[in-house]
Amino acid sequence: MSAALFLLLIPPVGLLAALAFLARPRAARIPLKGRHVFITGGSSGIGLAMATAAAREGARVSILARNLARLQEARAAIQRDSGRDDVGVHAADVRDADAVARALREAGAVDVLVCNHGVFVPQELERQDVEEIKWMVDINLMGTFHLIKAALPAMRARTSETRLPGSIAIMSSQAGQVGIYGYTAYSASKFALRGLGEALQHEVITDNIHVSLIFPPDTETPGLEEEHKRRPELTNIIAGSSGGMKANDVAKKALDGIKSGKFIVPCNFEGAMLAVATAGLSPQSSPLMAFIEVIGAGLMRFAALCFQWNWFSTIENYYAKNKKRE
């Protein structure tokens, strides 16, 4: 008997009961009020929006970025919008492991770590400079390693002391779920975060620390404006069909996912479909979401094939037209 036929013969209630038993790690609520939330890339965009929202919920917020002047401006904005004075700022480059470790020592033990930093320069691989590729990997991937390694010992001690769950949230991208023309290096740096997150969740769950991977679409930030200046025309044709979001909306989705202890945190409808389509062997704490993934896997695979057909057709037509012009 095929697996698909077997699933059809199981009553939905029975399947839900089975998934409630199988779903791991167990669901958890992660409070922010009165806790220390440390956010990288916190001087603008999604990071600043998350820091402001967390401070409004009563969290003590620390933000890290490279530019001290912009950090101080961000601190003033967070203080004004939240009414809290205890906003910490730390100027450091996430590529510098020693500087990151020093910043985290100064900040004190963290309850919720949000690795929100990231850079993106779209370009076909053949045309992209190797140093630019290394720059993206060093910031997007190695910077995340530096932060987690520096924060983890004190986080473990903190969850043991408070008996409250902690969180490590990693900002990926929908380009970390599916590769798109012109995103070769960027997608590689973001896909790697998923492997990091899945393995890390195994390593920290007994310390009551939950890992969340956040997958936003294009978001209206200063970084997106710079990206558009470099995007290949074909990338704009393909990726332009994906809806963008405002930083505040992504921040709300991200914080809601972190507080719910979700491993995969999509930010819009397309992201939710991608989450089902790419669920694979990822952790799932919600029996209902597990049910949707099991039932929807075949349909999402069919939809994914339709998308790929459209993208490949677009690429073929684009190059055919350009060859005619030549």
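I am working with a predicted model, where local features need pLDDT of at least 70, side-chain atom pairs count only at pLDDT 80 or more, and totals for chains, interfaces and linings use all residues. Residues are numbered from 1 along each chain as its sequence is written, and side-chain values use heavy atoms, with hydrogens and water left out.

**Entry 1: the ends of H4.** I looked up helix H4, residues 68–82; helices (H or I, at least four residues) and strands (E, at least two) are DSSP runs, numbered from the N terminus. Just after H4, I found glycine 83 with a positive phi of about 80°.

**Entry 2: the sides of H4.** Which residues of H4 are buried? I noted Leu71, Ala74, Ala77, Ile78 and Ser82, where buried means under 20% relative accessible area, exposed over 50%, and partly exposed in between (1.4 Å probe, protein chains only). They sit on the same side of H4, because they cover an arc of only 120° around the axis, taken from the directions from the helix axis to the C-beta atoms. On the other side of H4, I found Glu73 and Arg80 exposed.

**Entry 3: the cover.** Helix H3 (45–56), strand S2 (60–65) and strand S3 (88–91) are among what covers the buried residues of H4, with contact meaning heavy atoms within 4.5 Å.

Definitions and conventions. Expected span 1.5 Å × (residues − 1).
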